[in-house]
Amino acid sequence: MLDKTKYHIPEHVGIIMDGNGRWAKKRALPRSIGHKFGAQNFRKITRYISKTGVKVLTLYAFSTENWKRPADEVSALMVLFKQYLIDSLTDFREDDIKVVFIGDRSAFDPKLIELINESEEVAKDRKGMLLNIAMNYGSRDEILRAVKELCTEASEGKLDPQNITEKDISDRLYTGGLPDPDLIIRTGGEFRLSNFLLYQSAYSEFYSTETLWPDFNEEAFDKAIIEFNKRNRRFGGV
Ligand code: IPE
Ligand code: IPE
Ligand code: MG
């Protein structure tokens, strides 16, 4: 476990959990097996991170663009989401993790929506780490929703368009009221956000690792924190 007295622990960490398919391909296994190992890792690493002192963890599990994948892969993912949600309910209780889902849940099947609602409901009073699971999440969609809300409020005379602030926008995002992510980790080696937290990540530190998601373990997370501690965050100042 990382020595908290030696390292500054970021308050909010986002993770783009990428590379399940390549992990399976390397082993000549179907992509769905990569997702299964990825889901197991999600359970394990979330528990670990909740003990490091991170206050908010946002995990990107399924993007608004991931529906483009072959139908059999999408349905394998939906089966895994259900299974792992049920399994992790116990873990999250033991670790006092508060779970919230961000994204448009209405697109999922009723059983999954029920599980999502239930997971949030049982966890709502917990005081430990906040875990945001981004499912059917897309940042452009999130911003579009915020814009529509603002337009509606303006048309109803509840706010003056000339006085809209940056905070008015961020308050209407799924992450409204939370601190912006300090660190965004992407596994699988790509250097892109793929529609994750675009508005919130204006000043996030970006860390990309070649490690594929099912292999991203405690040590790999610690490495990201050590690298984060070397960054000089200026926020536009000197
Ligand atoms: C990330 O792994 C999981 C999801 C997007 C659901 P990928 O499935 O994108 O894995 P690669 O990038 O093809 O290796
Ligand atoms: C980003 O990974 C989405 C998630 C990890 C859920 P993708 O594999 O979908 O991203 P691209 O297609 O490489 O940009
Ligand atoms: Mg990918």
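**Exercise 1.** At roughly what angle do the axes of helix H2 (residues 31–50) and H3 cross, and within what distance do they come?

*Solution.* The model is predicted.
- Step 1. The H2 and H3 axes cross at roughly 20° and come within 10 Å.
- Step 2. Angles under 35 degrees count as roughly parallel, and H2 and H3 are therefore roughly parallel to each other.
- Step 3. The crossing in which H2 passes H3 is right-handed.
- Step 4. On the H2 side the contact includes His35, Ala39, Phe42 and Thr46. On the H3 side, Leu77, Leu80, Tyr84 and Phe92 are among the residues that make it.

**Exercise 2.** Describe the packing of helix H3 (residues 71–94) against helix H4 (residues 110–123).

*Solution.* 
- Step 1. The axes of H3 and H4 lie 10 Å apart, and the packing angle is about 25°.
- Step 2. That angle makes H3 roughly parallel to H4.
- Step 3. H3 passes H4 in a left-handed crossing.
- Step 4. H3 contributes Met78, Phe81, Lys82, Leu85, Ile86 and Leu89 to the contact. From H4 come Lys111, Leu112, Leu115, Ile116, Glu118, Ser119 and Val122.

**Exercise 3.** Determine which residues of H5 are buried and where they lie around the helix.

*Solution.* 
- Step 1. H5 covers residues 139–155, 17 residues in total. From first C-alpha to last it reaches 24 Å, close to the 24 Å expected at 1.5 Å a residue.
- Step 2. Ser139, Glu142, Ala146, Leu150 and Glu153 are buried in H5.
- Step 3. Viewed down the axis of H5, these buried residues fall within an arc of 75°, so they line one face of the helix.
- Step 4. As background, an α-helix has 3.6 residues a turn, so residues three or four places apart point the same way.
- Step 5. The buried residues of H5 pack against strand S4 (130–137) and helix H6 (166–171).
- Step 6. Arg140, Lys148 and Ser155 are exposed, on the face of H5 turned away from its buried side.

**Exercise 4.** Where is Glu156 found, and is this residue buried, partly exposed or exposed?

*Solution.* 
- Step 1. Glu156 belongs to the loop between H5 and H6.
- Step 2. Glu156 has 47% relative accessibility and so counts as partly exposed.
- Step 3. Glu156 and Arg126 are 30 residues apart along the chain, and their C-alpha atoms are separated by 36 Å.
- Step 4. Gly157, which follows H5, has a positive phi near 75°.

Notes
Residues are numbered from 1 along each chain as its sequence is written. Chains are lettered from A and ligands numbered from 1 in the order in which they are written. This is a predicted model: local features need pLDDT of at least 70, side-chain atom pairs count only at pLDDT 80 or more; totals for chains, interfaces and linings use all residues. Side-chain values use heavy atoms; hydrogens and water are left out. Helices (H or I, at least four residues) and strands (E, at least two) are DSSP runs, numbered from the N terminus. The expected span of a helix is 1.5 Å times one less than its number of residues. Buried means under 20% relative accessible area, exposed over 50%, partly exposed in between (1.4 Å probe, protein chains only). The arc is that of the directions from the helix axis to the C-beta atoms. Contact means heavy atoms within 4.5 Å. Axes are lines fitted to C-alpha atoms, for helices over the stretch in contact, and angles run from 0 to 180 degrees between N-to-C directions. Angles under 35 degrees count as roughly parallel, over 145 as roughly antiparallel, 65 to 115 as roughly perpendicular and the rest as oblique. A crossing is left-handed if the near helix is turned anticlockwise from the far one by less than a right angle, and right-handed if clockwise.
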